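This report describes the fold of a single protein chain. Please examine the sequence and the model shown below before reading on.

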Amino acid sequence: MIHFVGAGPGAPDLITLRGAELLKTADAIVYTGSLVNPALLDFAKKDCEIRNSAKMTLDEVITVLLHVHREGKTAVRLHTGDPSIYGAIREQMDRLEAEDVPYDICPGVSSFCGAAAALKAEYTLPQVSQSVIITRIKGKTPVPEQENIASFAAHGATMVIFLSAGMTEDLQRELLLGGYSKDTPAAIVYKASWPDEKVFRCTVGTLARTSAQSGVSNLALILVGGFLGNDYELSKLYDPTFTTAFRQGEKA
Ligand code: SAH
């Protein structure tokens with residue numbers, strides 16, 4: 001059996017209870033060494049075989065997983081954050097299916113949740129934005145043309161931009177082109193939940209400069225939108241005059 005496990009954003013105690021249990025019982029762990037906090041490997045049992053996938057190809061990862069399975073053992077494929085976001089798990093799952101190898105997925109806390117916690121922010125503020133756009137700028141990895149940053153920026157919604165901290169000049173240009181004003185709040189969150197986490201608050205107009213000054217070019221998220229500002233409306237959910245399935249509202 002192979003378990004794909006979300007490691008969480010970094011802090012070892014942000015993995016789920018299920019994920020930690022799977023790490024404790026695994027005979028082999030293949031972890032994404034470029035992003036996963038190695039402290040998580042302390043959960044592994046003494047004789048667990050541990051491999052860093054940062055130095056491996058897809059074929060090599062699959063070969064290890066198949067080998068472990070065929071010996072009647074269990075392996076954990078440990079991915080940073082939640083495996084469904086830029087985890088490249090589909091190609092691994094398809095290969096396992098082709099070989100009739102059973103697998104499952106244990107979700108994790110994505111770094112975009114870790115970043116909101118670092119910022120003490122709520123992405124979905126009433127009358128500011130009720131949508132979160134998770135995306136990346138095109139770089140070496142292509143992005144479908146209809147998903148370019150400017151087209152998403154045109155919504156003025158909350159944006160969480162992965163894998164783009166090394167391209168903030170292009171990002172700033174696209175965000176402005178799409179319609180965000182220069183003074184729209186923005187932030188760079190580096191290594192959310194790690195001991196060396198850093199938060200840089202700025203605006204769309206100062207994003208590239210802030211990024212250059214920070215020296216941060218990877219393991220960071222760029223967050224953009226009015227949710228980082230001070231204006232919003234109170235929620236209906238806790239409005240005393242609002243009736244919900246659980247509470248009768250007072251007369252206004
Ligand atoms: N599956 C992961 C994302 C993997 S892609 C998740 O759910 O978070 C790798 C990118 O995620 C990094 O380049 C960076 O943009 C972001 N990232 C991962 N961990 C991070 C962290 N702790 N703090 C900030 N960004 C992080």
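Predicted model: local features only at pLDDT ≥ 70, side-chain atom pairs only at ≥ 80, totals over all residues.

Is the crossing of α6 and α7 left-handed or right-handed?

## Crossing of α6 and α7

The crossing of these two helices, α6 and α7, is right-handed. The axes of α6 (residues 168-178) and α7 (residues 207-214) approach to within 8 Å and cross at roughly 160°. Because angles over 145 degrees count as roughly antiparallel, α6 is classed as roughly antiparallel to α7.

The contacts between the two helices involve T168, E169, L171, Q172 and L175 on the α6 side. On the α7 side, L207, A208, R209 and S211 take part.

## Overall dimensions and composition

The chain contains 7 helices and 10 strands. Its C-alpha trace extends over about 65 × 50 × 35 Å along the principal axes. Of the 252 residues, 45% are buried.

Among contacts in the chain with a separation of 6 or more, 67% are between residues 24 or more positions apart.

## The five-stranded sheet

An open sheet is formed by 5 strands in the order β3-β2-β4-β1-β5, with parallel pairing. The edge positions are held by β3 (49-52) and β5 (103-106); each has a single partner strand, so one side of each lacks a neighbour in the sheet. On average, neighbouring strands in this sheet are turned by 20° against each other, direction ignored.

Helix α2 (residues 58-70) lies across β1 (2-6), β2, β3 and β4 (75-79), and runs at about 165° to β2.

## Helix α4 and its surroundings

Which residues of helix α4 are buried? In α4 (residues 111-119), the buried set consists of F112, G114, A115, A116, A118 and L119. These buried residues pack against five strands: β6 (132-136), β7 (158-162), β8 (185-190), β9 (198-203) and β10 (220-224). After α4 comes K120, which has a positive phi, near 50°.

Strand β9 includes K198. The C-alpha atoms of K198 and A115 are separated by 9.9 Å, although these residues are 83 positions apart along the chain. With neighbours within four places in sequence left aside, K198 is in contact with I188, V189 and Y190. K198 counts as partly exposed, because its relative accessibility is 42%.

## Cysteines

How many disulfides does the chain contain? The count is 0, where a disulfide requires two cysteine sulfur atoms within 2.5 Å. For C48, the closest cysteine sulfur is that of C106, at 16 Å, and is therefore too far for a bond. C113 is likewise in no disulfide, the nearest cysteine sulfur again being that of C106, 15 Å away.

C48 and C113 fall into separate accessibility classes. C48 counts as buried because its relative accessibility is 10%. C113, with 36% relative accessibility, counts as partly exposed.

Note on methods:
Residues numbered from 1 in each chain as written. Heavy atoms only, no water. Buried < 20%, exposed > 50% of the residue type's maximum accessible area, 1.4 Å probe, protein only. Pairing = 2+ DSSP bridges. Helix = DSSP H or I, 4+ residues; strand = E, 2+ residues; numbered from the N terminus. Axes fitted to C-alpha atoms, helices over the stretch in contact; angles between N-to-C directions. Contact = heavy atoms within 4.5 Å. Parallel < 35°, antiparallel > 145°, perpendicular 65-115°, else oblique. Left-handed = near helix turned anticlockwise from the far one by under 90°.
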